[in-house]
Amino acid sequence: MDFDCSLALLLDTGEVGCEVPFWRLGDECYYVNQHLPVSWSEARHFCRGLGSDLAQPGVVAKLRAALLMRYPEDHPSVLWVGASEAGGNEGNWRWVSGARVSSEDWAQDQPDGGNQNCVVLSRHEHPSLHDSPCYTHATFICQAANVTATATASTTATAATTVN
Ligand SMILES: [Ca+2]
């Protein structure tokens with residue numbers, strides 16, 4: 001096998017550890033639905049149907065950068081992620097994991113709305129989070145369970161074998 005073929009194989013195996021239709025970013029697995037604008041709750045329901053949940057990225061800016069690379073076209077500009085005002089408590093912004101939303105991840109002048117209780121990622125802004133009314137229809141990002149250590153080790157072993 002020549003080097004070009006090996007390289008192609010390496011790129012493919014870069015997805016190992018995430019099940020289709022999820023793609024891999026570091027040890028995280030994402031799926032972007034660009035074609036079905038729905039409410040935040042409907043988006044979460046859809047993600048759960050795939051055995052995942054709405055995205056709760058370890059580093060929001062890293063996810064945004066990946067979106068710009070993987071989906072260079074200009075649409076959609078905002079996507080639901082898995083954060084909301086938990087328990088209807090104003091200002092209690094939480095990822096669905098329960099982790100607090102970092103104040104550093106809000107776009108300029110956000111959050112700004114009393115009835116805007118759910119969170120979208122705005123791909124054109126850094127920082128990129130906006131609060132938005134939960135009933136607004138937007139496309140969304142799902143995130144499956146992180147890549148397991150076993151899958152990572154197996155990918156590394158495959159890569160080493162292929163290169164040598
Ligand atoms: Ca807002």
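Two strands are said to pair if DSSP finds at least two bridges between them, and helices (H or I, at least four residues) and strands (E, at least two) are DSSP runs numbered from the N terminus. The model shown in these views is predicted, so local features need pLDDT of at least 70, side-chain atom pairs count only at pLDDT 80 or more, and totals for chains, interfaces and linings use all residues. Residues are numbered from 1 along each chain as its sequence is written.

View 1. Strand 1 (residues 23-25) and strand 2 (residues 28-38) run antiparallel and are joined by three bridges. Leu 25 has Glu 28 of strand 2 as its bridge partner. Two residues lie between the strands of this hairpin, in which Gly 26 takes a positive phi near 60°. Strand 2 is also joined to strand 8 (residues 138-144), by six bridges, and these two strands run antiparallel. Within strand 8, Ala 138 stands opposite Val 38.

View 2. Ala 138 is found in strand 8. Is this residue buried or exposed? A residue is termed buried if 20 or more other C-beta atoms lie within 10 Å of its own, exposed if 12 or fewer, and partly exposed in between, with C-beta atoms placed from the backbone. Ala 138 is buried because 21 other C-beta atoms lie within 10 Å. Residues are in contact if their C-beta atoms, placed from the backbone, lie within 7 Å. Beyond residues up to four places away in sequence, Ala 138 touches Pro 37, Pro 76, Val 78, Leu 79, Trp 80 and Val 120. Leu 79 is 59 residues from Ala 138 along the chain, yet their C-alpha atoms are separated by 5.8 Å.

**View 3. The loop that holds Gln 56.** Gln 56 lies between strand 3 (53-54) and helix 3 (60-70), in the loop that links them. With 20 other C-beta atoms within 10 Å, Gln 56 is buried. Residues up to four places away in sequence aside, Gln 56 touches Gly 82, Trp 95, Val 96, Ser 97 and Gln 143. A separation of 9.8 Å is found between the C-alpha atoms of Gln 56 and Glu 28, which are 28 residues apart along the chain.

**View 4. The largest nonpolar core.** A nonpolar core is a set of buried Ala, Val, Leu, Ile, Met, Phe, Trp, Tyr and Cys residues joined through C-beta atoms within 7 Å. The largest such core has 34 residues, of which Tyr 30, Leu 54, Leu 79, Trp 80, Val 81, Ile 141 and Cys 142 touch the most other members. Two or more residues of this core come from each of strand 2, helix 2 (40-49), helix 3, strand 4 (78-85), strand 5 (93-95), strand 6 (118-122) and strand 8. Apart from neighbours within four places in sequence, the contacts of Leu 54 include Ala 43, Cys 47, Trp 80, Val 81, Ile 141 and Cys 142.

View 5. Trp 40, Ala 43, Arg 44 and Cys 47 are the buried residues of helix 2. Because they cover an arc of only 100° around the axis (the arc is that of the directions from the helix axis to the C-beta atoms), they lie on the same side of helix 2. His 45 and Gly 49 are exposed on the other side. The buried residues of helix 2 pack against strand 2, strand 3, strand 4, strand 6 and strand 8.

**View 6. The buried and exposed sides of helix 3.** The buried residues of helix 3 are Val 60, Leu 63 and Arg 64. They are placed on the same side of helix 3 because their arc around the axis is only 100°. Met 69 and Arg 70 are exposed on the face turned away from this buried side. Strand 1, strand 6 and strand 7 (129-132) are among the elements that cover the buried residues of helix 3.

View 7. The pLDDT is the predictor's confidence in each residue, from 0 to 100. Its mean for the protein chain is 85, and 80% of the residues reach 70 or more. Over residues 1-14 the pLDDT stays under 50, and the model has ten contacts for them beyond four places in sequence. Residues 158-164 also have pLDDT below 50, with seven contacts in the model beyond near neighbours in sequence.

Methods:
Two residues are in contact if their C-beta atoms, placed from the backbone, lie within 7 Å.
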